[in-house]
Amino acid sequence: MFEVTARGRELQARLHSFMDEHVYPAEGVFAEQLSKADSHWQVPPLLEELKTKARAGGLWNLFLPDTRYGAGLCHLDYAHLAELMGRSLIAPEIFNCSAPDSGNIEALTLHANDEQRERWLQPLLNGEIRSAIAMAEPVVASSDPSNLLTTLSERDEGFILHGRKWWVSGACDPRCKLMLVMALSHPEAPLQQRYSMVLVPTDTHGVNVQRSLQLFGYDGAPSGYGEVEFDQVWVPEDALLGAAGKAFEVSQGRLGPGRVHQCMQLIGLAQRAFEAMLKRAADRVIHGRPIGQHGLTQDAIARSRCELEQARLLTHAAAATLDRRGIRLAREHLAMIKVVVPQMACTVIDRAIQLHGALGLSQDSFLAAAYAHARAQRIADGPDEVHVAALARLLG
Ligand SMILES: Cc1cc2nc3c(=O)[nH]c(=O)nc-3n(C[C@H](O)[C@H](O)[C@H](O)COP(=O)(O)OP(=O)(O)OC[C@H]3O[C@@H](n4cnc5c(N)ncnc54)[C@H](O)[C@@H]3O)c2cc1C
């Protein structure tokens, strides 16, 4: 129904082989290298080796539709590739398509000036550095961005940035050299012009990553989720990304195609959980019959198949709408997938865990980490309720 181009199909086949040959076998090695490293925040060498391989194989920056920077694929072609990459939690970074870098790269391609592009965009496109985006704050309800308190005030031909952010994905990574920080610059202006986005090098005096947060006990190493203090941080005038007071524009620009990418990656993860469910249902015997021959298991399997396919088709429709009608007319689809996909992924992965018994909860299966990741997506990029409310508003 949603046709992929010949180039999209060819990339799909190559990505499929790369995942089989290099990524799935690397998952265990990645965990082992991480556990044996001197520092927990040391990057497993395997990750950089696989990035080099993926780049050499032309499987690099596939998410960027602009041919000056990336593969120049349409959203629908890329949606299929994102599903494949999403099957492994370590895969997106290997192909330089992982959040928050992918969204930050998109923001930089849209809003950075030439100098900012040269300093930040190029190393990100090359996978030499990583980046973060700092918006949420511990003391206010951050799903309403008009609550954010971190300030940006003019001082000495630049600005002073002051405040505290948290859950800054990637902030603990030693390769994280740049943070996009959203701060209150024009408190008296109408909401849409009240906040600015600044580019802050992580080695700037006053930027302090104070601790790493844990997601159901997972610390996300080597990238992590940081609580970051900005203590009277001075940045020059040209640290502004986009115009002053236009942080919402910059942050929204990151989120259109990015929502399709993120949802397709989650569908990939849920699909892998579903396949594990099928295998377990066939292999494990209870009361003389494989679990899959018990009615309740059949129900879990059949429903998961239906829900996965519904979510996949909806997300393909969102990608096709972006391609054919542009982001403004795709808003309804983009809100719908954010309402539907993370919830579906949680449900399907949860059923897979149930079928695996205690194994599904342990570190011997990918399912527990997959669940934690999927569950976080119902909050991380705006809670479910925000997307439901946005959809309701669009529907009038
Ligand atoms: C794994 C992970 C990664 C993250 N990465 C980043 C990052 O890189 N950068 C960053 O800036 N932030 C990041 N965040 C933070 C994330 O953006 C915020 O947690 C999110 O915006 C919600 O804000 P909050 O936690 O303050 O919840 P609150 O705003 O306090 O909301 C609490 C609850 O209120 C309810 N609610 C909210 N809005 C409505 C509504 N309109 N109607 C009804 N109910 C509502 C929901 O149930 C919601 O969960 C991350 C979070 C997680 C978990």
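## The cavity

The largest cavity has a volume of about 40 Å³, where a cavity is a set of points, on a 1 Å grid over the protein atoms alone, at which a 1.4 Å probe fits but cannot get out, and the volume is the space filled by probe spheres set on points joined across faces, edges and corners. The model is a predicted one, in which local features need pLDDT of at least 70 and side-chain atom pairs count only at pLDDT 80 or more, whereas totals for chains, interfaces and linings use all residues. Residues are numbered from 1 along each chain as its sequence is written, and side-chain values use heavy atoms, with hydrogens and water left out.

A search of the whole structure finds 1 cavity of 30 Å³ or more.

## Helices 1 and 2

Next, select residues 6-36 and residues 45-56, which are helix 1 and helix 2, packed at an angle of about 165° with their axes 9 Å apart. Helices here are DSSP runs (H or I, at least four residues) numbered from the N terminus, and axes are lines fitted to C-alpha atoms over the stretch in contact, with angles from 0 to 180 degrees between N-to-C directions. Helix 1 is therefore roughly antiparallel to helix 2, a term for angles over 145 degrees. Show Phe 18, His 22, Ala 26, Val 29, Phe 30 and Gln 33 of helix 1 together with Pro 45, Leu 46, Leu 47, Leu 50, Lys 53 and Ala 54 of helix 2, which make the contact (heavy atoms within 4.5 Å). By class, this contact has 9 nonpolar, 2 polar and 1 charged residues.

Move on to helix 3 (residues 75-86) and helix 8 (residues 295-329), which pack at about 145° with axes 8 Å apart. Among the residues in contact are His 80 and Glu 83 of helix 3 and Arg 312 and His 316 of helix 8.

The contact of helix 8 with helix 9 has 17 nonpolar, 6 polar and 5 charged residues.

Notes: On a 1 Å grid over the protein atoms alone, a cavity is a set of points where a 1.4 Å probe fits but cannot get out, and a pocket is an open set with protein on both sides within 12 Å along at least five of seven lines; lining residues have an atom within 4 Å of a point. Helices (H or I, at least four residues) and strands (E, at least two) are DSSP runs, numbered from the N terminus. Angles under 35 degrees count as roughly parallel, over 145 as roughly antiparallel, 65 to 115 as roughly perpendicular and the rest as oblique. Ala, Val, Leu, Ile, Met, Phe, Trp, Tyr, Cys and Pro count as nonpolar, Asp, Glu, Lys and Arg as charged, and the others, Gly among them, as polar.
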